[in-house]
Every structure is written in C-alpha cells, then in structure tokens.
Amino acid sequence: MTTVVALGGNALVRQGQRGTAAEQLANLREALPALAPVLQEPRVVVTHGNGPQVGNELRRHERAADEVPPLPLWLAVAQTQAEIGALIESELRTIADRPVVCVLTHVRVDEDDPAFAEPTKPIGPFHSEEEAETLRRERGWTMVADAGRGYRRTVASPAPLEVVELEPIRTLVAARTIAIACGGGGIPVARREGSLRGVDAVIDKDRASALLATELAAERLLILTDVDALYRDFGSPAQHEVRELSADEAEALLPELAQGSMRPKVEASVAFLRETGGEVVVTSPAALEDALEGRAGTHIRP
C-alpha cells in the first residue's frame with residue numbers, strides 16, 4: 001500500500017504561538033508519534049503545509065528590507081519547505097526504523113490560472129479587524145476572515161499541474177524510504193521559453209498532495225488537520241461530525257465549506273478519489289489511531 005500523509009501547517013504552529021523553532025519541534029514531537037502505525041507500511045510519503053511559516057518569512061523580509069534584499073514569494077516557499085522538512089525529518093528519524101529523506105519539490109502551475117486575479121490562500125499570522133484594515137490600506141494586502149480566529153493575508157493559489165520531482169520521489173518510495181515532499185504545496189514554477197521559472201504564489205498543500213498521491217497511484221490519502229473530522233453546519237449550534245461520505249456527497253458539501261480552510265481539502269479529496277478509487281481520511285493527529293480503525297475521522301470513499 002502507498003499512503004500519502006498531508007500535515008497541516010498548523011500542526012507545527014498552534015493558536016497563540018509565535019512559531020519559534022522550539023515551539024514547532026515540541027508540536028511535532030507531540031503529533032508525529034501518532035503516525036507510527038502508518039510508518040510501518042511499505043510506501044509512505046509525508047507532505048506538509050507552510051501557511052503560518054511563509055507569512056512569517058515574508059514579514060522578516062519586509063522588516064529587514066532596508067538592510068537585506070527581500071526574496072520573492074516563490075523563494076520564501078522554498079525556504080520554508082526546507083525549514084519545515086528539516087524539522088519533520090529530524091523527528092521522523094526518531095520514530096521510524098527506516099531512512100527518511102526530504103525532497104525539495106517544485107510544482108508546475110499555469111501563469112494564466114484565474115487564481116492570480118483572486119487571492120484566496122491564507123498565510124501568516126492572524127490579525128484583529130482593525131489591524132487587517134490598516135494592512136489593507138497601507139500595504140495593499142487582501143485580508144480575509146479565517147476560521148473564526150481573526151483576519152489573515154491571502155495570496156494567489158493556482159492549481160497544481162505537475163510534480164516536477166515525481167520520479168525521484170517514486171524511486172525513494174520504491175526503496176522503502178519515507179519521502180517528505182511537496183512541502184507548502186511545492187515551489188510554484190511555470191514553463192517559460194522551455195525552462196521552469198519561479199512564480200509568486202502559494203499552492204494549496206492538499207491539492208498538491210492529492211496530485212502527488214494520484215501520480216504515485218496511492219491507495220490512501222490522510223489529511224491531518226486541527227479538527228477530528230469534517231463538520232456540517234460548522235460554527236452553528238447544529239454542527240455535527242460527518243463520519244462517512246461518498247465522493248458525490250463530499251462534492252455536494254463543498255458550498256458549506258470555507259474557501260481558505262476545509263473546502264480545498266474536500267476538493268482535493270474528491271479529485272484524488274475520482275482518479276484512483278482510493279480512500280481519504282480527514283482527521284487530527286490526536287484522533288488518527290481511532291480514525292485508522294474506523295472509530296473517528298471522516299472517511300471519504302468512491
């Protein structure tokens with residue numbers, strides 16, 4: 001069996017934290033042991049988000065711009081992919097009795113993707129409504145309410161079309177090496193005059209993970225987030241867990257889901273299922289063991 005495990009960026013940075021290296025390591029040490037049963041499987045790939053981290057990286061660039069030249073967004077994605085990959089790799093080595101390798105991964109997008117005209121991907125820290133209005137006015141940022149926790153900056157999130165390092169990843173997985181790949185959705189690149197060039201965007205990591213899982217012919221995609229399952233009527237008194245969904249039922253649920261939060265996860269799940277006929281499990285690291293045995297999480301099947 002081939003399993004792709006998609007870790008949310010918030011698995012490394014919790015609400016109220018600053019996102020220090022020590023905090024991220026502590027969070028990983030708490031979350032990653034839950035993967036132990038999955039790590040026994042013959043073919044495993046781990047992907048991860050980078051929303052909080054890439055936003056923080058951009059803030060560093062802005063504040064130091066008078067002394068150090070800032071980097072474009074696509075290189076900030078590359079930086080955080082390496083940073084987070086190194087943290088995950090070091091922690092996985094302590095619980096997996098097999099090699100672990102982080103693959104710096106590029107993902108091709110279309111520069112004409114409509115997403116460039118409508119930024120939807122939340123990155124960086126949460127702000128109050130007053131702070132958000134100041135950032136809109138002074139920096140021209142697009143700010144949206146996110147998950148009921150405040151306002152965040154949004155950037156373009158084009159659809160992933162191709163995992164450039166697919167063959168090296170496939171080779172590692174075939175050799176029973178755990179590959180960490182498509183970090184932060186991958187470094188976005190587009191084809192220009194026969195070459196791949198960086199593009200300023202942040203690809204949704206769940207969409208990139210679904211693409212990678214499809215191209216690897218994976219049987220299972222695990223999407224680990226900060227809630228134990230999908231909910232209907234989320235945030236209302238009537239909210240309730242959804243434990244089982246078909247691909248058609250998941251697609252019908254999309255209008256209820258937030259664009260910058262759960263909707264990309266379910267869209268990615270449906271895309272993966274349509275192509276492979278596999279299974280998707282959406283849950284939290286804490287509930288993963290129960291989810292793998294069918295007692296928790298949301299299970300989406302064809």
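Student: Leaving aside its neighbours within four places in sequence, which residues is Thr214 in contact with?

Tutor: Contact means heavy atoms within 4.5 Å. By that rule Thr214 is in contact with Phe272, Glu275 and Thr276, once neighbours within four places in sequence are set aside. This is a predicted model, where local features need pLDDT of at least 70 and side-chain atom pairs count only at pLDDT 80 or more, while totals for chains, interfaces and linings use all residues. Residues are numbered from 1 along each chain as its sequence is written, and side-chain values use heavy atoms, with hydrogens and water left out.

Student: Where is the place of Thr214, and is Thr214 buried, partly exposed or exposed?

Tutor: Helices (H or I, at least four residues) and strands (E, at least two) are DSSP runs, numbered from the N terminus. Thr214 belongs to helix H7. Buried means under 20% relative accessible area, exposed over 50%, and partly exposed in between, with a 1.4 Å probe and protein chains only. Thr214 has 23% relative accessibility, so it counts as partly exposed.

Student: Which backbone oxygen lies 2.8 Å from the side chain of Thr214?

Tutor: An α-helix has 3.6 residues a turn, so residues three or four places apart point the same way. Here the backbone oxygen of Ala210 lies 2.8 Å from a polar atom of the Thr214 side chain.

Student: Why is H7 described as largely enclosed?

Tutor: Of the 11 residues of H7 (residues 205–215), 8 are buried, so the rest of the structure largely encloses this helix. The buried residues are Lys205, Asp206, Ala208, Ser209, Ala210, Leu211, Leu212 and Ala213. They pack against several elements, including strand E1 (2–7), helix H6 (166–174) and helix H9 (262–276).

Student: What caps the N-terminal end of H7, and what phi follows just after H7?

Tutor: Asp204 is the cap, with a side-chain oxygen 3.0 Å from the backbone nitrogen of Asp206. Just after H7, Ala217 has a positive phi of about 55 degrees.

Student: How are H1 and H4 packed?

Tutor: Two packed helices are described by the angle between their axes and the distance between the axes. Axes are lines fitted to C-alpha atoms, for helices over the stretch in contact, and angles run from 0 to 180 degrees between N-to-C directions. Helix H1 (residues 21–31) packs with helix H4 (residues 73–92) at about 45 degrees, their axes 10 Å apart. That angle makes H1 oblique to H4; under 35 degrees counts as roughly parallel, over 145 as roughly antiparallel, 65 to 115 as roughly perpendicular and the rest as oblique. The residues making the contact include Leu25 and Leu28 of H1 and Ile84 and Leu87 of H4.

Student: What is the strand order in the open sheet of 3 strands?

Tutor: Strands of a sheet pair through backbone hydrogen bonds, either parallel or antiparallel. Two strands pair if DSSP finds at least two bridges between them. The order here is E5-E7-E6, with antiparallel pairing. Strand E5 (121–127) and strand E6 (142–145) are the edge strands, each pairing on one side only. From one strand to the next, the twist averages 40 degrees. E5 is joined to strand E7 (residues 151–155) by 4 bridges, and Lys121 has Val155 in E7 as its bridge partner.

Student: Which elements of this sheet does helix H3 touch?

Tutor: Helix H3 (residues 51–63) packs on the sheet and touches E5 and E7, its direction making about 70 degrees with that of E5. Helix H5 (residues 129–139) also packs on the sheet, touching E5, E6 and E7, at about 125 degrees to the direction of E5.

Terms used. Polar contact = N/O pair within 3.5 Å; in protein donor to acceptor, adjacent residues only side chain to side chain.
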